[in-house]
Structure formats: C-alpha cells, structure tokens
Amino acid sequence: MSVLEAVSTQSVAGENLTGEAYRDAMHRWLNAHLPASFRSDSAAFAAPSLQQSVAWEAAMYRAGLTGITWPQAYGGHGRSLREHLVANQEIGRLAMPESVNSIGKELAGPIILAVGTEEQKRRFLPAILEMRNIWCQGFSEPEAGSDLAGLRTRATRDGDGWRINGQKIWTSGAYRAQRCLVLARTGPLEDRHRGLAMFAVPLDANGVRVRTIKSIDGRESFCEVFFDEVEVAQADAIGSPDEGWAAAIRVLEIERATNRMYRAWRFENELRHLISACKADTALSAMVADRHYAVRLGEVAVEIEVLKAHVETAVEALASGDKIGARGSLAKLYWSESHQRFAALAIELLSQASLPQNPAIKVARRRFEAIYLAARAETIYAGTTEIQLGIIADRILQLSRGK
C-alpha cells in the first residue's frame, strides 16, 4: 500500500493530500516501515545488504517517496518540487542508509528527462525508480577529475553505433550497477568542452572491466572502469554528440543545489544523536554544558539552519522558474565543509567518554566514526572545494583570472 493510499481512500494517487496532510503521510509511513536494523542511531543497526537496500528503495518508490517530480508517463508521481522537499525533510529526519541508486535518481534520470529521446525515457526511467536498473556515473578520469573538459575516454562512430575506449575512476557503485552514464569525447582533445557526448553503457557489455578501490573506511564502493573496444548502440547515446557538456553542467548545477536535499535534516538528526549520547555519559554531559563545547555545538546548529536556507531558497527559485546556475556551488561547498567540521567535533567529544563505554556511546561512536571517514571525500566528489571556489569566483563574483 502506498503512503498516500494509507491516509486517503478517496484518491489512490493521493491527489487530495496537500500541505501538512501530505507531510504527515510521509512521516507516518517512514516511521512505520523503516526497519530498526536500517537506523544507524539504533543498537539494532546492521548495514543492509544490496538486496535489502534494493527492496527498501523499491518500497519507498511505491509509497510515493521517490520519483516525486518525474512525469507520471515515465513512472513518476508528477508532483511539485516543493513536495519533493517535504519528502526529503522527512527522509532526513531519520538515520536511514544512503540510496544505492542515487546516481540513477539524481543524475542519470534528470539528464535523460532533459535530453533523452521519448524511447529512452520510457525504457530507462521506470526501471530506475523500480530499482530494476542501478546506475553509476562515468565522468572522472585519472587525468581529468574535477576538470571534465580534459577527459580522454573516446567514442568513435562504428556503423550505426559507437565504440568506446578509455578509463574512468572514482566511479561510485560501479560494481553493483547495470548501467554507467559515460561522458566521452567524440572530437579532438583540444576542443575541450565541445565534442563531448553521453552514453548509457551496459556494464555487462563485452570489453567493460570493473575494479573496486578500497577507501579509508575499508569499504570498496569506489571503482575503476575500463572500456576496451566497447560497442554501444545508437539507442544508448543520450543527446547529440555535442550536447554532453551542456547537459552535464546543467544537471550538475541543479545536483549541487538540490539533490539529496535531505542533508540538512540528516545533519540535524546526527546533531541530536550526538547530544543525546553525550548526555548519557557523566563526563560528556558536563563537557557539552561547558561554554567551550556549548558554543561549538551551537555553531553546528547555526550551520545546519543556513544549509536548510540554501536548500529552501533553491527550491523556491526553481519552482518559480528561475535558474540555479553557479549558485549550486555555494550549497555544495557549504554542506561539505561544514559536515567535515561537525564530524571532527563529534569524534573529539566521543573520544573523551567515560570508560567502560555505555551502550549509547558505543552506538554513537560506531555511527560517527563511519560519518567522519566518509566525510573525508565530501569535499572532493561532485567537484572539489577548489573547483567550487573557482566557479564562485568566476561566475558569481565575476573576478578576472590572475596571470
């Protein structure tokens, strides 16, 4: 039963639910159905398997919690961006696992909606939402990370289709994906931003090889992907051969501003968990009441509210028909830097807990050690801090480049 059906028998699609009734439906469904083992602030937490994650995200889609703004013709729920924000606020308030198909829902899907053919929209989009196809993103390369204009992976015409050769790196989740959104060069390297095309490459195609990379937290979610004479049908080319750069940048700008917009509310959940755990420990309870740590925790709370404002302002601008443009870099820079500071503060506090550690501290330490390690990459992916600062200087402040 969908979350909307659960509170409204008048309309299966929940068309009569608006405002607080819509929020309440989302809130009650999540709290009723999210397993305790999925909650990282719970002693019962156990990292879900891929199969469990796929089943959970498929259930969320059926409940109306994903694909909210996508057209109904392609499997979406056809609702507004403001309602998408409401759902994300409720998702963020719970200590839920990250999506295993965020690239499909937040990057590949919007790009296909923007420049894909009608056939591609009907073929790819419902499969993303129903979790039948998991996607990864093949943009970065060993010699072209945040500077995508320097990428060397090449796509050449081969009869009615294409042949791709090259290498991608830091391809999150490639080992579990069925499709890779590959940005490849069709023209000479000197063309930089011109002559770039996108392809929906099936990862079981001949000539594709995926190798996992172990990260600082011991996980192997990052990957290298090698393409050796990989044949790709024209039906899997997304947009025109010269449309890749423009489409990628347009979607990346929105991604940096609005995708995973639950972050601010998730960070608020983390802050409340940290304070609750500290209050359960005699030594830490006194420390968080002391001015030094009280001020620092207050600063975290302020940064969370500023991030909420970034997200809410972006949603209102987009809902009003405005373009986000380079302003997406402001939000990306802000949340990644502030989250790293918060994670470091959490570890600093929890490392001073009384011994032996009580159960609340053990749960918090497990959660925040994982957050701290994962946060090391947050100022790198989706464009490094240095790239975001350069975009802000060039496109917002319009500063001239120094010699």
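Helices and strands in this note are DSSP runs, helices being H or I with at least four residues and strands E with at least two, numbered from the N terminus.

1. Ground rules. This is a predicted model, where local features need pLDDT of at least 70, side-chain atom pairs count only at pLDDT 80 or more, and totals for chains, interfaces and linings use all residues. Residues are numbered from 1 along each chain as its sequence is written, and side-chain values use heavy atoms, with hydrogens and water left out.

2. A cis peptide. Look at P356, in the loop between α11 and α12 (359–375). The peptide bond joining L355 and P356 is cis, with omega about -5°. As background, most peptide bonds are trans and most residues other than glycine have a negative phi.

3. Two positive phi values. M131 is not a glycine, yet its phi is positive, near 65°. You'll find M131 in the loop between α6 (118–129) and β1 (135–138). M131 is buried, at 6% relative accessible area (buried means under 20%, exposed over 50%, partly exposed in between, using a 1.4 Å probe and protein chains only). W170 also has a positive phi, about 60°, without being a glycine; W170 sits in the loop between β3 (161–168) and β4 (179–185).

4. A helix pair. How do α11 and α13 cross? Helix α11 (residues 328–350) and helix α13 (residues 385–396) have axes that come within 9 Å and cross at roughly 150° (axes are lines fitted to C-alpha atoms, for helices over the stretch in contact, and angles run from 0 to 180 degrees between N-to-C directions). That makes α11 roughly antiparallel to α13 (over 145 degrees counts as roughly antiparallel, under 35 as roughly parallel, 65 to 115 as roughly perpendicular and the rest as oblique). The crossing is left-handed, meaning that the near helix is turned anticlockwise from the far one by less than a right angle; clockwise would be right-handed.

5. Who touches whom there. From α11 the contact uses S329, L330, K332, L333 and E337, and from α13 it uses T385, Q388, L389, I391, I392 and I396 (contact means heavy atoms within 4.5 Å). By class, this contact of α11 with α13 has 6 nonpolar, 3 polar and 2 charged residues (nonpolar covers Ala, Val, Leu, Ile, Met, Phe, Trp, Tyr, Cys and Pro; charged covers Asp, Glu, Lys and Arg; polar takes the others, Gly among them).

6. The whole structure has 27 salt bridges (a side-chain nitrogen of Lys or Arg within 4 Å of a carboxyl oxygen of Asp or Glu). One of them pairs E98 with R260 at 3.9 Å, N to O. E98 is in the loop between α4 (81–92) and α5 (102–115) and R260 in the loop between α7 (244–258) and α8 (263–279), so the pair ties together parts 162 residues apart in sequence. Both ends are partly exposed: E98 at 41% and R260 at 21%.

7. R163 and D158 meet at 2.5 Å, N to O, and D158 is partly exposed at 32%. E224 and R211 form a salt bridge at 2.1 Å, N to O. E224 is buried at 9%, whereas R211 is partly exposed at 43%.
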